[in-house]
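Visitor: Please give me a close look at a single part. Start with one residue, then show me some of the packing elsewhere.

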Amino acid sequence: MNPTPPRFLPPMLPRDPKEPHRAASPLELFFDLVFVVAVSFASVQLHHMAAENHLGAGVLGYLMVFFAIWWCWMNFSWFGTSFDTDDWLYRILAFIQMAGVLVLASGAAAAMEEHDFTAITIGYAIMRLALVTQWLRVAMGNFELRATALRYAAGITVVQVAWFARLLLPETAGFIGFFVLVAAEISVPAWAESHRRTPANPHHITERYGLFTLILLGESILASANAVVESLHTIENLGALMFIAACALITAAGMWWIYFSRGHHHLITTLRSSLAYGYSHYVIFAAAGAFSAGVEVAIDQAAGHSELPAIATAGTLSVPVALFALGIWLLILRGDLPTARNALFLAGVAVILAGIFLPSVLPVAAVAAGIILCVLATERRPGAVATPVINANG
């Protein structure tokens, strides 16, 4: 028997995982908007560091900051698919998490340039501890899932204390400690869910992932627009900048095409498959976010504002797109495509990577050509039975 919850709040009971027509709520869409800011700050900083020939440090810093962004978004989304009561307390705690995202975003530059993770840690803790409150509420109102909820609350709290303790460590120890705590963070869901799984609506959660993908690809569309704006201020590089803008738009469209070429909901079945789906998206999301920085670096090179060598400049564009495509292929497409189409898809990835060794603006053309091959590989033969794609109506 469940304990009686406070009268001014309804019990936070799990939602039906088979609930029909389950779509992202207005609160979830509003919540995603602050991540536009966080991703933008991280990708802009990556662009600046790459243009100043600090690519290695920039990539490492970006991957570390992006983990905090991705992990907080993912935990909010999976919690929401299970327990979205949408009452006043749920909304306030969501707003608190949004505030934490903005604090985190404000610390992106300091973390990536100066290895100062103070603001990142504070913002991250705000988001995570607000989620702890949500899990405690689940524990109070649901006897069957109480142990799972308490595991989440305890695990998250302990790791947050460790994140603050990490700030006191010497730089080298703190660097190692970061990856130790990342491992601890991603272990919490596996440990908590191993007791009793929380219900997840496959259509809803995969729609949430699709919406975040759109946010990240939107950053690349903005980068393409920047190439057009930049071309309006200079006649000398007009052709190159317009070419970059066109190829970047083609590439973003191709990335969208292959991501949404198949339905994803069939991948959310067991705990293992759900974790694999959720965790593998770190690579897909981080690559999509870095793509916009690569476009900006290509613009800088065409305008003569970049100190980065030509091969490294091409790599900032080619590598993220290749990783994005490979991530989707491994997760979704590999088992669905026949051998010839798998070969064509991988050939497209090879063309994308080959662009690293091309001169001038040709790398952006190679990336666009390669992603087109990937798109062609995903297209179904006439008469083939289609897998339902992600849609807002489940």
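Guide: Glu113 sits in helix 4, which spans residues 108-114. Helices here are DSSP runs of H or I with at least four residues, numbered from the N terminus. This is a predicted model: local features need pLDDT of at least 70, side-chain atom pairs count only at pLDDT 80 or more, and totals for chains, interfaces and linings use all residues. Residues are numbered from 1 along each chain as its sequence is written, and side-chain values use heavy atoms, with hydrogens and water left out.

Glu113 has 43% relative accessibility, so it counts as partly exposed. The scale runs like this: buried is under 20% relative accessible area, exposed is over 50%, and partly exposed is in between (1.4 Å probe, protein chains only). Set aside neighbours within four places in sequence, and Glu113 is in contact with Gln45 and Met49. Contact means heavy atoms within 4.5 Å. With Gln45 there is also a polar contact: the side chains of Glu113 and Gln45 are joined at 2.8 Å. A polar contact is a pair of N or O atoms within 3.5 Å; within protein, one must be able to donate a hydrogen and the other to accept it, and residues adjacent in sequence count only if both atoms are side-chain atoms. Now look at Tyr62. Glu113 and Tyr62 are 51 residues apart in sequence, with 9.9 Å from C-alpha to C-alpha.

Next, helix packing. Helix 2 (residues 55-83) packs with helix 3 (residues 88-106) at about 170 degrees, and their axes are 11 Å apart. Axes are lines fitted to C-alpha atoms, for helices over the stretch in contact, and angles run from 0 to 180 degrees between N-to-C directions. Helix 2 and helix 3 are therefore roughly antiparallel. That label covers angles over 145 degrees; under 35 is roughly parallel, 65 to 115 roughly perpendicular, and the rest oblique. From helix 2 come Ala68, Ile69, Phe76, Phe79, Gly80 and Phe83; they meet Tyr90, Ala94, Gln97 and Leu104 of helix 3. By class, this contact has 8 nonpolar, 2 polar and no charged residues. Ala, Val, Leu, Ile, Met, Phe, Trp, Tyr, Cys and Pro count as nonpolar, Asp, Glu, Lys and Arg as charged, and the others, Gly among them, as polar.

One last stop: Asn142. It lies in the loop between helix 5 (118-141) and helix 6 (146-166). Asn142 has a relative accessible area of 7%, so it is buried. A polar atom of the Asn142 side chain lies 3.3 Å from the backbone nitrogen of Glu144.

How values were computed: Helix = DSSP H or I, 4+ residues; strand = E, 2+ residues; numbered from the N terminus.
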